[in-house]
Amino acid sequence: MNQPKTALVLSGGGSLGAVQVGMLYALTRAGLHFDMVVGSSVGALNGAFYAANPTLQGVEDLAALWKSLRKQDIFPISWMTSLRALLTHRDYLVEATALRALIRRSLRIRDFGEARTPLHVIATDALSGEEVIMSSGPLEDALLASTAIPVVFPHVVIEGRHLVDGGIANNTPIACAVRLGAERVIVLPTGVPCDAPAPPKGMAAKAMHSLNLISMRQLDRDIERYSEHAAITIVDPLCPIDVSVFNFSETENLMKRTANQAWSWVQNGGLDRPGPLHLPIAHNHHSDSELRCGTQ
């Protein structure tokens, strides 16, 4: 009997992309193999590393990279960079120089065709708002385009198109996977910082936080819309999370928590339960409200 064509779909979510590493560890340990990897924003970065080496060793290498990351490795933002952006009238805070250097230093493949599992990266056309799927050619600029958060990073021009963060058009590219022929979709979300005491401070942090909230609310709607076309399973994200999408100091803890939770989820038959995300997207762990994780 032929196995269904299976896609691994990775959402965006800033520093919360660390939770996807724990999920990847559990899925790889369980022996899952994928026919394609589809990622948006930080999910495109994680997806590229996984597609290059879809093994436990590959996941451990990705975990080591995440453990080494500091905010300045991705977002070298300071009052000086903000002042420079203001004085030069540019429409972004920082160049993506640090992120480009990280990709060149750490990713062992340079072209989509070198990936061991077919890889598809999502960006957004800055003029039309259309989803742009990149599946061939040089990988570096495609990843920079998929992670080009407006206001924070400059857009990237590829084949004449001005591209920005994939999370704007499709943060969890389930639809893309279905169009590419997936009959089964395993989604790795990042979750939301539902237990944070207050919204993050700073222009870049607030921009990322807002994008994350919008995107997670879109996820349930996409699952409902495309569940007739493919069996869609969501790996449960951590809940509660009190870590900002701009905070890279808790990545090791996030990976460990998620690896344990995801492995328990696998052992309890989570992979056999397609359907909607069973966590409320908006809730408050600091009040006496009856609304809690896992309840509606």
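This is a predicted model: local features need pLDDT of at least 70, side-chain atom pairs count only at pLDDT 80 or more; totals for chains, interfaces and linings use all residues.

Residues are numbered from 1 along each chain as its sequence is written, and side-chain values use heavy atoms, with hydrogens and water left out.

Start by selecting residues 18-29, which is helix H1 (helices are DSSP runs of H or I with at least four residues, strands runs of E with at least two, numbered from the N terminus). Because 10 of its 12 residues are buried, H1 is largely enclosed by the rest of the structure (buried is under 20% relative accessible area with a 1.4 Å probe, protein chains only). Among the buried ones are Val-19, Gln-20 and Met-23.

Now show what those buried residues pack against: strands E1 (6-10) and E7 (184-188), plus helices H2 (42-52), H3 (56-68) and H11 (251-267).

Keep H1 and H11 on screen. Their axes, lines fitted to C-alpha atoms over the stretch in contact, lie 7 Å apart, at an angle of about 35 degrees (angles run from 0 to 180 degrees between N-to-C directions). On the H1 side the contact includes Gly-22 and Ala-26, and on the H11 side Ala-259 and Trp-263 (contact means heavy atoms within 4.5 Å).

Last stop: Leu-271, in the segment after H11. At 13% relative accessibility, Leu-271 counts as buried. Beyond neighbours within four places in sequence, Leu-271 is in contact with residues including Leu-27, Ile-186 and Trp-265.

Conventions:
The expected span of a helix is 1.5 Å times one less than its number of residues. Buried means under 20% relative accessible area, exposed over 50%, partly exposed in between (1.4 Å probe, protein chains only).
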